[in-house]
Amino acid sequence: MSQDSILNTKAALDLSTSDQLFTRAQHHIPGGVNSPVRAFRAVGGHPVFMQSAKGAWLTDVDGNKYLDFINSWGPMILGHAPDIVVDAVRKAAGDSLSFGAPTRREVEMAELIKKMVPSIEKVRLVNSGTEATMSAIRVARGYTGRDKIIKFEGCYHGHGDSFLIAAGSGALTLGAPDSPGVTQGVALDTLTAPYNDLEATERLILANEGQVAALILEPVVGNMGLVAPAEGYLQGLRELCTQHGIVLIFDEVMTGFRLARGGAQELFGVTPDMTTLGKIIGGGMPVGAYGGRQDIMDQVAPAGKVYQAGTLSGNPIATAAGIAQLTYLQEHPELYTELDRITARLADGTRQICADLGLNYTVNRVGSMFSVFFTDQPVRNLDEAKTSDTEAFGRYFRAMLNRGIYLAPALYEALFISTSMTDELVDQYLTACRESMIEAHGL
Ligand SMILES: *Cc1c(COP(=O)(O)O)cnc(C)c1O
């Protein structure tokens, strides 16, 4: 694979085919995209339409190559189109694309998930992270007989109504719908607390004693940029939930199989009652899962009365891809050490470049996820993340894109590193980073 395309010195990329496709797309698709962040609205300019990808590299429809720091927002932890996954998909496709009946792979996949994430005693496969979180809170409500849930500012749990609720002005005030189309009625059942603030959560629980079914969070947050839990925070939430009979749900759609084979719960040694999974679990195919304690999961139909179903759930192609990728991760624990080392080089190098330029930006990292916040404040929650300079980030993003570095097209997103990242590529990234920081700040 050619690497010359990086450190592109042209004034601008030729994006003419992407621009034509985007013009067409806007006539037929709301905003021209099938998921909002893809539209580049946060960074200006038009989205790049992709053609193919292999390893660390993306190729767009105009033939430009980019070093990819999104990796499909996480799933491609082994880089793009790894032979092991693509071969499994090819093989499975010969047998049927869907049965709507049980298959051997669903059993194997459940066994594999349980082995990697031991807090999961029973698991149900679905088709997306959104489905996983929506289903998990329904089960928690059915199990506890309570209606309310607690979520945290800056965490993202997909586009289910219950999660699209903005925080009230104080910790004890009621939330409001954060999207037209979400009803006031739903908003009444979602309480929101600031992340990394154990006392605020305890106050919220006490003010709603006996009414809270579940507390759901990203144990390491990837959706306000990368934010790590403070020392003792996850353990503190665990104790509060146990004390008040609340189902603790770790949304590990991003962190599952990424921060460790067993996700953030393995890394931090805290055991949730339920876990939601997505992204890596499908190897790039649409898969999600929710699972947890057997007494809770046995509420799910047909074992129990909580209804949840899916025509394509446990799809043969999706499970073939998922099993292939998870098996590889399960058998190669050493790759997590290497991902940690190479991502540390990226994050520490970026921090050093910013310091050299007098910018002192905050760079947060956990394992193979990191974020550059364009602020000199520490970032431990959403309010602190929002002190970032979004204009400067937009200029930096475009400068990096012109140099063949494909970052997340929004400031409050994590970057995801795959096993295709090499030391040589890190060096190339760091050179582009220095030039782009200088360009973005007119230094
Ligand atoms: C991506 C994500 C979701 C939603 O998953 P989709 O597959 O996009 O529906 C839920 N929770 C977290 C933590 C995520 O990162």
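In an unreviewed entry, UniProt lists Lys279 for "modified residue: N6-(pyridoxal phosphate)lysine". UniProt positions are given here in the numbering used for this structure, feature names are shortened, and annotations may be inferred rather than shown by experiment. What you are looking at is a predicted model, where local features need pLDDT of at least 70 and side-chain atom pairs count only at pLDDT 80 or more, while totals for chains, interfaces and linings use all residues. Residues are numbered from 1 along each chain as its sequence is written, and side-chain values use heavy atoms, with hydrogens and water left out.

**Around Lys279**

- Look for Lys279 in the loop between S11 and S12. Strand names (S) and helix names (H) come from DSSP runs numbered from the N terminus: helices are H or I with at least four residues, and strands are E with at least two.
- (Buried means under 20% relative accessible area, exposed means over 50%, and partly exposed is in between, using a 1.4 Å probe and protein chains only.)
- Leaving aside residues up to four places away in sequence, Lys279 touches Trp73, Pro75, Val253, Met254, Gly284 and Val287. Contact here means heavy atoms within 4.5 Å.

- Strand S12 covers residues 288-292, and five of the five are buried, so the strand is largely enclosed by the rest of the structure.
- In a regular strand the side chains alternate between the two faces of the sheet. On S12, Gly288, Tyr290 and Gly292 sit on one side and Ala289 and Gly291 on the other, and all are buried.
- S4 (residues 122-126) runs antiparallel to S12, with five bridges joining them. Two strands pair if DSSP finds at least two bridges between them.
- S11 (residues 274-277) is antiparallel to S12 as well, with four bridges.
- Gly291 of S12 is a handy landmark: Val123 has Gly291 as its bridge partner, and so does Thr275.

**The four-strand sheet**

- Another group to find is an open sheet of four strands, in the order S1-S2-S3-S15, with mixed pairing. Strands S1 (50-54) and S15 (405-406) stand at the edges with a single partner strand each, so one side of each has no neighbour in the sheet.
- S1 and S2 (residues 57-60) pair in the antiparallel sense over four bridges. Lys54 stands opposite Trp57, and Met50 has Asp60 as its bridge partner.
- Two residues separate the strands in the S1 and S2 hairpin, where Gly55 takes a positive phi near 60°.
- S2 is also joined to S3 (residues 65-68) by three bridges, and this pair runs antiparallel. Trp57 turns up again here, with Leu67 as its bridge partner in S3.
- The hairpin of S2 and S3 has four residues between the strands, and Gly63 in the turn has a positive phi of about 90°.
- Trp57 and Thr59 point one way from S2, Leu58 and Asp60 point the other way, and all are buried.

**Empty space**

- Rolling a probe the size of a water molecule over the atoms shows where empty space is left. On a 1 Å grid over the protein atoms alone, a cavity is a set of points where a 1.4 Å probe fits but cannot get out, while a pocket is an open set with protein on both sides within 12 Å along at least five of seven lines; lining residues have an atom within 4 Å of a point.
- S14 (369-373) and H13 (390-402) each supply at least two lining residues.
- The second largest pocket holds about 550 Å³ of space. Of its 26 lining residues, the closest to its centre are Pro102, Glu106, Arg124, Ser313 and Gly314.
- H3 (104-116) and S4 each give two or more residues to that pocket's lining, and H3 gives the most, with five.
- Pro102 belongs to the loop between H2 (83-93) and H3. Pro102 counts as exposed because its relative accessibility is 79%.

Definitions and conventions. Grid points are joined across faces, edges and corners, and a volume is the space filled by probe spheres set on the points.
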